[in-house]
Structure formats: structure tokens, C-alpha cells
Amino acid sequence: MTIPFLKGHGTENDFVIVPDPDNALDLTPAAVAVLCDRRGGLGADGVLHVVRSAAHPEAKGMAADAEWFMDYRNGDGSIAEMCGNGVRVFARYLQRAGHVTEGDLAVATRGGVKTVHIAKDGDITVGMGRARLPESDVTVSVGDRTWPARNVNMGNPHAVAFVEDLAHAGDLYSPPPFSPPSAYPEGVNVEFVVDRGPGHVAMRVHERGSGETRSCGTGACAVAVATARRDGADPAVTGTPATYTVDVPGGRLVITERPDGEIEMTGPAVIVAEGEIDADWLENVTR
């Protein structure tokens, strides 16, 4: 037996895409981790399990609003609430498979239903919802350096630290320590940010469950919101949208926070390959 798959990326945040409309596959954490392994598997930051919302117990309640559910898994096999780059690649797959066309669609995620627009120029815009800014004093550390961080929740948790040099983030192989532990009981995505110019920043990120990735969509949104607040901009107060260009190692994203609090992320999404996974191999290596 074989299992169809595709490979895609959004600003080099890369994914194995597994179409499974009827939710017939048992994608165990071990299977996901093997598929994402860059030496022993296909290699990816995560898996996009493509399932009809009505067929998945976690998404049935969203089926009336979104036909498709993005069952996203981190590279270590753990479940994540949301992945902004993943939503764009997920939408690109749906377009490639003929399930949707250019224009607007809705995608169900564990972080809620996300609105998506596929533009004629190829870029994809995702409505990322509203940011929550828990009032807490948080710090993150690398080696002997420690920085204050802004606590931002985009449906998943983020700690945003402004630094003088992105090299100060270190290798980001291991999760940067944070304090207090109670701020993020289930771990956190940590973004390190430098200024590039007015309305323009660059970042590196350690994604919870994946290590350093070339891009993080929810992280870029968290960075834009944290930067806006640092700059004294709150669209809900000023009535004016705040837009930031966010450079990531894998490319560039444009993030806009609207006066109603909704955040939009625009960037590319590319399908680079498709093929088949040997089901016997996958079963044997995950025993």
C-alpha cells in the first residue's frame, strides 16, 4: 500500500501534506515525527493532514463554516493549535487539487475558522484572528543574556524579545529558557526581533516542537503586534491599520492589524513535489 503526499512551503517553513478527506489514516505522533525527519524521512517542519471537517471529531462543529480542516502536527509529532504559514500552503494544496479556486475560502483549524484569500498574483492572505496580550512580565534567555519579552497569544503562545543582533538568539536548537514557568505551562514559540527600518523588522524563531524554522506565520503576527505596541501604535485606539513588513530567514511576510483587531498575513505558498509514501515502511519504522 502507498499513501499519497505532497511537499510544500511558505517562506521556507516546509510541510509534508497528507490528503485524507475521510480521516481514514491513523497518523500517530511517531509516524509524523518519522515523516518530518530530514534524514530518515521526507523532511519537514510539520505535517498538514487534510481532512474534511465533518469527518474529524475535533472539527465537526466547524463543518458548517469550513469544509476543510487543517489537522496540523509539529515536526516532533505533537499537535499545534495553528500554523499561519501552514494555512497558506494548505489553501494552495486545496487550489491545486481543484477543491477551491482563486478568491475567498474558509479553513477550520484548532485555533478556529480562518478566512483565506487566494489572489491572482499568487500571494495568499490569511485572516489570523485577534491577538491576545496577557498582562505578565516574561523574560527569555540565551546563554548569559536575558531580555524582557512581550507575551502574545495568536491561538498559540509567543514570547517576543527585541534584541540588538539576531545572532544573539544562538543556534535555537533547544527551547530558549523563559521565566516564569507559569507563563507558558505547555511551552512557547520564542521570537527574536531586530529593527530594519520604519515599519520593517526581521526575526528568528524557535517554534515549540520544531526547533528553529525558516519562518513562522503566527510568530510574524505576534512580532508585528508586539512591535506596534512598542512603537505606541494600537489600531483599536487610533482607528488606523498598522502594517509591518517582517523578514524571516525564508523570505518576507506582510502583517496588518486592523482597527477591529483582526490581523491579516500575506505571503507566498508553493507546492514543490508530490509522490507516495510506502505504508509498510512507515509502519515498520514506527513500531
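I looked at charges over rings. The charged end of arginine 230 sits over the ring of phenylalanine 162, 4.7 Å from its centre (the test: NZ of Lys or CZ of Arg within 6 Å of the ring centre and within 35 degrees of the ring normal).

I note the basis here: this is a predicted model, where local features need pLDDT of at least 70, side-chain atom pairs count only at pLDDT 80 or more, and totals for chains, interfaces and linings use all residues. Numbering runs from 1 along each chain as its sequence is written, and side-chain values use heavy atoms, with hydrogens and water left out.

Next I looked up aromatic pairs. I found three (Phe, Tyr or six-membered Trp ring centres within 6.5 Å; planes under 30 degrees apart are stacked, over 60 edge-to-face, the rest tilted). Phenylalanine 15 and tyrosine 72 pair edge-to-face, 5.9 Å centre to centre with 75° between the planes. Phenylalanine 15 is in strand β2 (residues 13-19) and tyrosine 72 in strand β4 (residues 68-74), so this pair ties together parts 57 residues apart in sequence (strands are DSSP E runs of at least two residues, numbered from the N terminus). Both phenylalanine 15 and tyrosine 72 are buried (under 20% relative accessible area; exposed is over 50%, partly exposed in between, with a 1.4 Å probe and protein chains only).

Phenylalanine 178 and tyrosine 184 also pair edge-to-face, at 5.3 Å centre to centre and 85° between the planes. Is tyrosine 184 buried or exposed? Tyrosine 184 is buried, at 3% relative accessible area. Phenylalanine 178 is partly exposed, at 25%.

Notes. Helix = DSSP H or I, 4+ residues; strand = E, 2+ residues; numbered from the N terminus.
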